[in-house]
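Dear colleague,

Please find the structure below, handed over for your records.

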Amino acid sequence: MPVLSKGIILNKNNKASFMKELEEKSFSVNWPYWAGILDGDGCLSKKTMQFAIIDKEPVEKLSKLFKSSLRIRLDSKRNRLAYVCQPRYTTQFSGERYMYLLQKIYPFTIEKREAIASVLEHNKQIIPDGFYLHHTREEFFAWLTGYAEAEGHFRFDNKVRAFFVSSTAYTVVDYILHKLRELGIVRHATKSIDVRKALVRFEKQKNYNITRKEAYGFHITGLDLQRLYNAILPYMLMERKINKVKQTLSYFSVHPPKQVKPFKPGATYETIA
């Protein structure tokens with residue numbers, strides 16, 4: 001893979017100074033955001049973690065913080081899904097960098113929480129205290145922003161202004177919806193009513209063309225979307241998605257959002273109570 005910027009190799013001569021500098025910088029790092037984006041797009045093993053996405057901004061920022069190499073992966077084709085991939089920016093962590101990163105994001109992670117604990121235990125590292133159910137409002141929205149930038153779809157065109165997130169982890173999607181209701185962002189849906197009558201739809205998605213796990217997700221539109229975008233915009237890093245959010249909010253400033261038509265599940269969707 002072509003190297004865009006070369007990181008440093010840690011050794012006995014520079015390791016102590018590097019870790020000291022990293023610890024000093026860590027106080028200003030938004031760890032919940034990185035927990036969210038790595039929950040969505042991080043790929044971890046017992047010894048390494050790779051972070052690879054099509055948007056350069058978060059990968060470059062993380063590689064600069066940890067002084068790791070920034071590369072671009074030029075995938076030609078993923079035959080199983082039968083489409084041509086866009087180039088992906090990637091960085092990789094191992095050794096002290098990897099353990100430090102996992103310990104910092106662990107208190108805020110959800111989807112990869114058990115996997116991170118397993119890696120830390122395997123490497124005889126301390127598993128930090130902290131649990132995502134105890135997120136403050138700021139920590140939740142920072143985490144959600146990272147997760148949304150990794151897994152979310154921000155749509156803005158002449159017909160539709162909407163946000164959609166999908167995950168094979170039912171627990172994650174359920175938690176997000178619960179918190180959004182609790183914090184007053186989503187006001188038109190509760191799990192005790194038929195979600196087809198609401199602005200938010202909670203789905204079990206099936207794709208009949210390829211074999212994969214069932215994905216759970218929801219759409220947000222209208223007034224709920226306006227409240228959501230105002231909450232996550234301050235934490236966003238990806239310019240491509242920031243532009244979509246700003247376009248939507250600008251549109252809403254001229255055309256105040258209204259109640260949308262109730263969602264009626266089609267052949268590929270099944271409503272979950």
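**Sheet and helix packing**

Strands β1 and β4 run antiparallel and are joined by two bridges; strands here are DSSP runs of E with at least two residues, helices are runs of H or I with at least four residues, and both are numbered from the N terminus. Two strands count as paired if DSSP finds at least two bridges between them. In this pair, Ser-5 stands opposite Leu-70 in β4.

The model is predicted, so local features need pLDDT of at least 70 and side-chain atom pairs count only at pLDDT 80 or more, while totals for chains, interfaces and linings use all residues. Residues are numbered from 1 along each chain as its sequence is written, and side-chain values use heavy atoms, with hydrogens and water left out.

The sheet is open and has five strands in the order β1-β4-β5-β3-β2, with antiparallel pairing. Its edge strands, β1 (3-5) and β2 (42-44), each pair on one side only. Neighbouring strands are turned against each other by 30 degrees on average, direction ignored.

On one pairing, β5 meets β4 (residues 70-73) over three antiparallel bridges, and Arg-73 stands opposite Arg-88 in β5. On another, β5 meets β3 (residues 48-53) over six antiparallel bridges, where Thr-48 stands opposite Ser-94.

Helix α4 lies across β2, β3 and β5 and runs at about 100 degrees to β5. Axes are lines fitted to C-alpha atoms, for helices over the stretch in contact, and angles run from 0 to 180 degrees between N-to-C directions.

Helix α4 (residues 95-105) also packs with α1 (residues 15-26) at an angle of about 20 degrees, with the axes 12 Å apart. The two helices are therefore roughly parallel (an angle under 35 degrees). The contact (heavy atoms within 4.5 Å) involves residues including Phe-18 and Leu-22 of α1 and Arg-97 and Tyr-100 of α4.

Helices α2 (residues 31-41) and α6 (residues 137-151) pack at about 30 degrees, with their axes 7 Å apart. That angle makes α2 roughly parallel to α6. Among the residues in contact are Gly-36 and Gly-40 of α2 and Ala-142 and Gly-146 of α6.

Yours sincerely

Technical notes
Angles under 35 degrees count as roughly parallel, over 145 as roughly antiparallel, 65 to 115 as roughly perpendicular and the rest as oblique.
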